[in-house]
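Visitor: Please show me the model. I have some questions about its packing.

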Amino acid sequence: MFSWLGTDDRRRKDPEVFQTVSDGLKKLYKTKLLPLEEHYKFHEFHSPALEDADFDNKPMVLLVGQYSTGKTTFIRYLLEQDFPGMRIGPEPTTDSFIAVMQGDVEGIVPGNALVVDPKKPFRKLNAFGNAFLNRFVCAQLPNPVLESISVIDTPGILSGEKQRISRGYDFAAVLEWFAERVDRIILLFDAHKLDISDEFSEVIKALKNHEDKMRVVLNKADQIETQQLMRVYGALMWSLGKIVNTPEVIRVYIGSFWSHPLLIPDNRKLFEAEEQDLFRDIQSLPRNAALRKLNDLIKRARLAKVHAYIISSLKKEMPSVFGKDNKKKELVNNLGEIYARIEREHQISPGDFPNLRKMQDQLQAQDFSKFQPLKSKLLETVEDMLANDIAQLMVLVRQEESQRPTQMVKGGAFEGTLHGPFGHGYGEGAGEGIDDAEWVVARDKPMYDEIFYTLSPVDGKITGANAKKEMVRSKLPNTVLGKIWKLADIDKDGMLDDEEFALANHLIKVKLEGHELPNELPSHLLPPSKRKVTE
């Protein structure tokens, strides 16, 4: 699995040699980061220790939203089949966390059995107790989509203090636990009821530091008119801007993710384009899974380093015998000043520090006399991991990606529009006329021929300079016109005959209508006289 390189001194200078990214992450975590976490009680403050299953599991997608926004229906839409434990209705139906995963036999595994399975990445959820585990199940079924990803369905978020308390477990903390480990977080909103409840707002804030994983789906968008949809979208962005405090705008996908006919089909093309964008995002998860796990380990290591500095600073300030309780209160109240001092002394970014108020609350229940002083060797080991071993793993990540460039989610809804006439953009733009027996450019060729013969053709061809005078009339930038020229000049002689000129004008029209140009000329756009030559 690993080969150690020489002596301790040599090991500090040279990174270890890893066979796979997953094995490398496991080894680095256990040998270099975990000792630091255990020494400074990191797991009591932030996140439980990682296990092998956390590095080996398939990419996971977490669905979060208020009740009746279509979370369960969205999963059914992706899988194109029902899954065990599925309930769909306009009222709050899903009252459990359901991990939808691949299995040879269809069935349900209850939460208490799930958290003792070493092959599943859920063992640390045991800390949330029976109130949560009774509301946690794994739905297993054979499905091609689940061969590449797993999906986590969550209870519909309600409004009001009473519902939040009656859950019997810390709902936001459970979602935060999942957010650390999943590859994508999808927030679903209903275009009809856009209000963000108090609990939903609290949940979104609990997902802070994971904004890079978050995507938003404005669901059931086919049920409102275009003008109203525009207003709803604006209202959604305004509401999210008040809760998610980042300069970046979260990507929002608009559509209607179920298999029913569209009620208002005016925006059909928009929905198709948005669906394809979302599908591409989900399909890329397996290919980027190793990089995501590497990124999460780096984030965890940075937090663990800062945590070690905080705990050791608190230990250093504590008296050895008398006045411990008063000093503890003073240190907790002045934690912000300790943050600032650590930031200055160790040149640490403010963004690496844990939430101040949350840390103060957690410190109230801790015995400061059991904290450990600063141990430089542990921190140096983590620094060495970040400086050398991570760079080695990054190279391996790129190698694995190049060896598996086509690895993506397949099956279910992902196959429905992949091939055939119902693929997005089929028969439009450069794809127009793909199934026609005649050359599609021939429809407008007489009009293009009239222009062609005014450009002084010699031996049936016009020069590039003369073609340019006509093509720039489109007002398209030179970069686009250059690509059109490259596609239209099929015999690469620097001149255009009447068919090539007609093709160039057809591609200009395609671009002016808002479609993308192909990288290579599709076979159905080849002029009839050139087809035998290219074959």
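Visitor: Leaving aside neighbours within four places in sequence, which residues is L285 in contact with?

Guide: This is a predicted model, with residues numbered from 1 along each chain as its sequence is written. Local features need pLDDT of at least 70, side-chain atom pairs count only at pLDDT 80 or more, totals for chains, interfaces and linings use all residues, and side-chain values use heavy atoms, with hydrogens and water left out. Contact means heavy atoms within 4.5 Å. With neighbours within four places in sequence set aside, L285 touches P59, V61, D183 and R184.

Visitor: Is L285 buried or exposed?

Guide: Buried means under 20% relative accessible area, exposed over 50%, partly exposed in between, with a 1.4 Å probe and protein chains only. L285 lies in helix α13 (residues 285-317). Its relative accessibility is 4%, so L285 counts as buried.

Visitor: What distance separates the C-alpha atoms of L285 and M408?

Guide: Along the chain, L285 and M408 are 123 residues apart. Their C-alpha atoms are separated by 7.2 Å.

Visitor: How many of the residues of α9 are buried?

Guide: The buried residues are F171, A172, V174, L175, W177, F178, A179 and R181. α9 is mostly covered, and the count is eight of its 11 residues.

Visitor: At what angle do α9 and α10 cross?

Guide: F171, A172, L175 and E176 in α9 meet E199, E202, V203 and A206 in α10. Axes are lines fitted to C-alpha atoms, for helices over the stretch in contact, and angles run from 0 to 180 degrees between N-to-C directions. The axes of α9 and α10 (residues 198-206) come within 9 Å and cross at roughly 35°.

Visitor: Why is α19 described as roughly perpendicular to α22?

Guide: Angles of 65 to 115 degrees count as roughly perpendicular, under 35 as roughly parallel, over 145 as roughly antiparallel and the rest as oblique. Helix α19 (residues 445-452) and helix α22 (residues 498-512) have axes 9 Å apart and pack at about 115°. That angle makes α19 roughly perpendicular to α22.

Notes
Helices (H or I, at least four residues) and strands (E, at least two) are DSSP runs, numbered from the N terminus.
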